[in-house]
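Hi,

Here is the structure I said I would pass on to you. Have a look at it first, and then read my notes below.

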Amino acid sequence: MSDGELEDFTILRELDEPISEDELDAAGEQSGEVLERLREEGVGIEWVDSEVMTDEDGDVTGTFCHYRAEDEEAIREHAERAGLPATRIDRRGDPLEGE
């Protein structure tokens, strides 16, 4: 699948309990390994970037992740295999411009 056929998605990952930065790093490594396996299986999916949400103590409470994928099912399959929540998955619209 070519990049031109991938759609942009935003994934909200809400965590039941806050996690540390180290735990977030480990989840990121697991996510990358699953992405690589999915691509080896012919699934069109790639991670673009993530925004991290934290509480007042600096612990991670969730993320907003930007992925490009062939469809929503590819996003769900990645989340399931990586053991990550996918609280909400939406197609990504055009970004707003800041100041």
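Predicted model: local features only at pLDDT ≥ 70, side-chain atom pairs only at ≥ 80, totals over all residues.

Residues are numbered from 1 along each chain as its sequence is written, and side-chain values use heavy atoms, with hydrogens and water left out.

Back to Ile75, which belongs to the largest nonpolar core, a group of 15 residues. Phe9, Ile11, Ile45, Tyr67, Ala69 and Ile75 have the most contacts inside this core. At least two core residues come from each of strand E1 (7–19), helix H1 (21–40), strand E3 (60–69) and helix H2 (72–82). For the terms: a nonpolar core is a set of buried Ala, Val, Leu, Ile, Met, Phe, Trp, Tyr and Cys residues joined through side-chain atoms within 4.5 Å. Buried means under 20% relative accessible area, exposed over 50%, and partly exposed in between, with a 1.4 Å probe and protein chains only. Helices (H or I, at least four residues) and strands (E, at least two) are DSSP runs, numbered from the N terminus.

Now the charged side chains. How many salt bridges are there? The count comes to seven, taking a salt bridge as a side-chain nitrogen of Lys or Arg within 4 Å of a carboxyl oxygen of Asp or Glu.

Arg68 takes part in two that I'd look up. With Asp8, the closest N and O atoms are 3.2 Å apart; Asp8 sits in strand E1 and Arg68 in strand E3, 60 residues apart, so this pair links distant parts of the chain. With Glu46, the closest N and O atoms are 3.4 Å apart. Glu46 is in strand E2 (residues 45–54) and Arg68 in strand E3, so that pair ties together parts 22 residues apart in sequence. Arg68 is buried at 18% relative accessible area, whereas Asp8 is partly exposed at 26% and Glu46 is partly exposed at 24%.

Another salt bridge joins Arg76 and Glu72, with the closest N and O atoms 2.7 Å apart. Both lie in helix H2, four residues apart, about one turn of the helix. Arg76 is partly exposed at 39%, and Glu72 is partly exposed at 25%. As for shared partners, salt bridges join Asp8, Glu46 and Arg68 into one network.

Cheers
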